[in-house]
Amino acid sequence: MHGPASPGWLLVALCAITGAYCLLRMRSHVEEQRRAAGGEALMGFGMAAMAVPAAVFTPPGWAWPVYAAVFGAAALHALWSARVGGHHLHHLVGAVAMVYMSLVMAAAPGGAHGGHGDAGVPLLTGALLAYFTGYVLLSGVRLVPVTAGGPGVGWGDRPELARACRLSMGIAMVAMLLTL
């Protein structure tokens, strides 16, 4: 998450723009889209905050447990919402990944991020990488045949943009896990 500055800023921009679009999607007339967009906006802005290059800003030690608590609450909300829709399971995995990354960053000594030393990739990091890589590939395939919404469809109701939003956050999650 705190690798070189240029890719870090690109990741911040991608996540912040995605979060901003998700806020626009919250204006949708479809209630389920509004709910999903709120969680995705939180995820986008949280990922943007975590991706700021360490050379520019290193969060204080208390920030990582706060991130873990916020995304822990988001995970509980996604778990509760999963009763009604399977899409919320993806939100649950994303929130758990954010909690995990926050805890790893909190435990890292003095900002030594960006590698696991000689231990290799921990099992949970590998499992999350496999999940999000599969999600990105599947989302990319699903995005191809989508036709654009007809005239009169608002920004919050365009399925192709919502899918592109989820795809970009999946790509960002893979990048963050790789640099963890």
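Is glutamate 40 buried or exposed, and at what relative accessibility? Glutamate 40 counts as buried, at 3% relative accessibility, where buried means under 20% relative accessible area, exposed over 50% and partly exposed in between, computed with a 1.4 Å probe on protein chains only. The model is a predicted one, in which local features need pLDDT of at least 70 and side-chain atom pairs count only at pLDDT 80 or more, while totals for chains, interfaces and linings use all residues. Residues are numbered from 1 along each chain as its sequence is written, and side-chain values use heavy atoms, with hydrogens and water left out.

**View 1. A network of salt bridges links Arg25, Glu40 and Arg166.** A salt bridge is taken as a side-chain nitrogen of Lys or Arg within 4 Å of a carboxyl oxygen of Asp or Glu, and by this rule the count comes to 2 salt bridges. In one of them, arginine 25 pairs with glutamate 40, with 2.5 Å between the closest N and O atoms. This pair links distant parts of the chain, since arginine 25 belongs to helix α1 (residues 5-25) and glutamate 40 to helix α2 (residues 31-50), 15 residues apart; helices are DSSP runs of H or I with at least four residues, numbered from the N terminus. Both arginine 25 and glutamate 40 are buried. Glutamate 40 also meets the side chain of arginine 166 in a salt bridge, at 2.7 Å from N to O. Because glutamate 40 lies in helix α2 and arginine 166 in helix α6, this pair ties together parts that are 126 residues apart in sequence. Arginine 166 likewise counts as buried, at 18% relative accessibility.

**View 2. Helix α5 has a buried side and a face turned away from it.** Helix α5 comprises 21 residues (123-143), which at 1.5 Å a residue should span 30 Å, and its end C-alpha atoms are 30 Å apart, in agreement with that expectation; the expected span is 1.5 Å times one less than the number of residues. Within α5, the residues Thr125, Leu128, Leu129, Phe132, Tyr135, Val136 and Ser139 are buried. These residues cover an arc of only 135 degrees around the axis, which puts them on the same side of α5, the arc being that of the directions from the helix axis to the C-beta atoms. An α-helix has 3.6 residues a turn, so residues three or four places apart point the same way. The buried residues of α5 pack against α4 (87-107) and α6 (159-178), whereas the face turned away from the buried side carries the exposed residues Leu123, Ala130, Leu137 and Val141.

**View 3. Serine 168 is a buried residue of helix α6.** The relative accessible area of serine 168 is 12%. Its side chain reaches the backbone oxygen of cysteine 165 at 2.8 Å, a polar contact being a pair of N or O atoms within 3.5 Å in which, within protein, one must be able to donate a hydrogen and the other to accept it, and residues adjacent in sequence count only if both atoms are side-chain atoms. Leaving aside residues up to four places away in sequence, serine 168 touches Leu14 and Thr18, with contact meaning heavy atoms within 4.5 Å.

**View 4. Serine 81 is found in helix α3 (residues 63-81).** Serine 81 counts as buried, at 10% relative accessibility. Serine 81 and arginine 35 are 46 residues apart in sequence, and their C-alpha atoms are 9.6 Å apart in space.

Note on methods
Helix = DSSP H or I, 4+ residues; strand = E, 2+ residues; numbered from the N terminus.
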